[in-house]
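Thanks for coming. I have a few minutes on one structure, so please look at it on the screen while I talk.

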Amino acid sequence: MSCPSKICNPPAAGADDGWVEEKASPEIKEAMKPFALDEATLRKTMALFLDNIERGLKKATHDEATVKCFPTYVQDLPQGTEKGKFLALDLGGTNFRVLLVELDIGKCDLQSDIYAVPHDVMLGTGEQLFDHIAASLADFVTKHQLEAEVLPLGFTFSFPLVQKGLRSGLLVRWTKGFNIPEVLGGDVVQWLQEALERRGDIKIDVCAILNDTTGTLMSCAWKNPECRIGLIIGTGHNGCYLEAQANAELFDEPDMGSGKVIINLEAAAFGDDGCLEYMLTDVDKLVDGDSINPGKQIYEKLISGMYLGEVARLYVQRFIEGDLMFGGNHAEVFQTKEVFETAMISDVESDPAGSFQKTQEVLQKLGIPDASEQDMINLRFICQSISRRSAHLTAATACVLTKKVNEPKIVIGIDGSVYKFHPHFRKLMKAKMQELMEPGFEFDLMLSEDGSGRGAALVAAMAAMRMKDQEA
Ligand SMILES: Nc1ncnc2c1ncn2[C@@H]1O[C@H](COP(=O)(O)OP(=O)(O)OP(=O)(O)O)[C@@H](O)[C@H]1O
């Protein structure tokens, strides 16, 4: 598939959601109030986030900082002139993918296959996981008849990593449903290389490891040279931005010319020290307590796709038990964890004003055929309260990063299904950024096209070029 020359943002939302708020039941409106973050709360959050970034960047405070601000070793943004054939691996969320990426001066051709990661492998041993990855890679190489070539590979590995170089990353923690303790602290590239050696049937040059935020920034910068920030709002949440090398105290490498380095914020952990306590609801705490990593990734749990549906489910359950929805019936439906998917929030909110067609389909799917119009209004109000909070927090984070980059015109590359498919997310985020942004900054939001694949290929291309220069 060729990347189209113009990357479009998703269409802005049509419906104004004020009518939902007007008609929602007073008790439900009252209960959802903590989700409407006012300007003062958002500004307080922004100040805290900036302080967390500064602590993550500085050697003296890095160890106890929650927003780790890891240097990525990616010091240059792409020129658009990169050429060659690359493999990419994308592990770190719902799907694991292997990709073949061909870059040719402004053009990008991409073929990919999706391989499932079975649940027992996500929670199994290191050898099981990396043997599974190596087997998938071998299958892909055979299927695409690439056995004769030694292709450079970029590994998009979207879990917190301390990088020791472009091709070395030590795993800090598992997130997003993975938990394989023996890999913690180990070099993920080494794990992959050892699995490839155990097979011995394919020759791969793993030349870069990165996370999907860096891939998003690289991929968008390849299309638009004003891109300086990458954000993910998918299964998880994260961000990265281009920082002056002088401010990245943990990055002890020589300046390769740009004087910059991409910083992987690991923004999901913002709040893990308790600093966001003022905005957490008791339901947020229930979701956190019931996750596989209680007390960790607090900011992500307020923003990302893995959790938004769960927050909605628990509120609906509570309102049914309080006899405020569905005539007090169907509580058992909402007792099942993850039954209310985050995609259902998008469906419910995509109905035009006064229509409930999609909402009815969602309710049918859940086995609730007898909802009243008031129930559907209330459900929509719950959904929009939760998605708005996510969009507004993401906007606050993006404003802080824009100020940090400190250039008059900045493009923010964004990837992840929540941003891509929620019908109002982009509009909500953009409007809130316009409110919160200091005067003098112009910004635009750009939907990333396959950051994990194209971004990994671009980082691999630049790493391969650098290695060639060093050998020459
Ligand atoms: N239509 C939708 N609207 C909102 N959220 C959705 C939609 N479809 C899927 N999601 C949510 O998006 C998440 C998947 O995100 P994405 O497709 O970006 O994958 P990912 O690569 O696994 O994520 P990450 O980049 O965080 O690793 C899931 O948590 C899912 O609940």
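First, a term: a salt bridge here is a side-chain nitrogen of Lys or Arg within 4 Å of a carboxyl oxygen of Asp or Glu. With that in hand, Glu54, Lys58, Glu243 and Lys404 are linked in a network of salt bridges.

A word on the source. This is a predicted model, in which local features need pLDDT of at least 70 and side-chain atom pairs count only at pLDDT 80 or more, while totals for chains, interfaces and linings use all residues. Residues are numbered from 1 along each chain as its sequence is written, and side-chain values use heavy atoms, with hydrogens and water left out.

Now the helices. Helices (H or I, at least four residues) and strands (E, at least two) are DSSP runs, numbered from the N terminus. Helix α14 covers residues 373-405, which is 33 residues. From its first C-alpha to its last, α14 reaches 47 Å, close to the 48 Å expected at 1.5 Å a residue. The expected span is 1.5 Å times one less than the number of residues in the helix. Of the 33 residues in α14, 29 are buried. Buried means under 20% relative accessible area, exposed means over 50%, and partly exposed is in between, with a 1.4 Å probe and protein chains only. After α14 comes Asn406, with a positive phi near 60 degrees.

Helix α8, residues 212-223, has twelve residues and should span 16 Å; its end C-alpha atoms are 17 Å apart, which agrees. Eleven of those twelve are buried, so α8 is largely enclosed by the rest of the structure. Among the buried ones are Asp212, Gly215 and Trp222.

What does α14 connect to through its side chains? Arg389 and Asp284 meet in a salt bridge at 2.8 Å, N to O. Asp284 is in helix α9 (residues 282-289) and Arg389 in α14, 105 residues apart. Both Asp284 and Arg389 are buried. Lys403 forms a salt bridge with Glu438, with the closest N and O atoms 3.1 Å apart. Lys403 lies in α14 and Glu438 in the loop between α16 (425-436) and β13, so this pair ties together parts that are 35 residues apart in sequence. Lys403 counts as partly exposed at 42% relative accessibility, and Glu438 counts as partly exposed at 38%.

How many salt bridges are there in the whole structure? A search finds 28. One of them joins the side chains of Arg97 and Asp450, at 2.8 Å, N to O. Arg97 is in strand β3 (residues 96-104) and Asp450 in the loop between β13 (442-447) and α17 (451-471), 353 residues apart. Arg97 is buried, with a relative accessible area of 15%.

On to the strands. Two strands pair if DSSP finds at least two bridges between them. Strand β11, residues 260-264, has four of its five residues buried. β11 pairs with β1 (residues 70-71) in the antiparallel sense over two bridges, and Pro71 stands opposite Ile263. Strand β10 (residues 237-244) also runs antiparallel to β11, joined to it by five bridges. There, Cys240 has Asn264 as its bridge partner.

Last, the record. An unreviewed UniProt entry annotates residues 228-462 as "domain: Hexokinase C-terminal". UniProt positions are in the numbering used here, feature names are shortened, and annotations may be inferred rather than shown by experiment. That span is 47% helix and 14% strand, and its end C-alpha atoms lie 17 Å apart.
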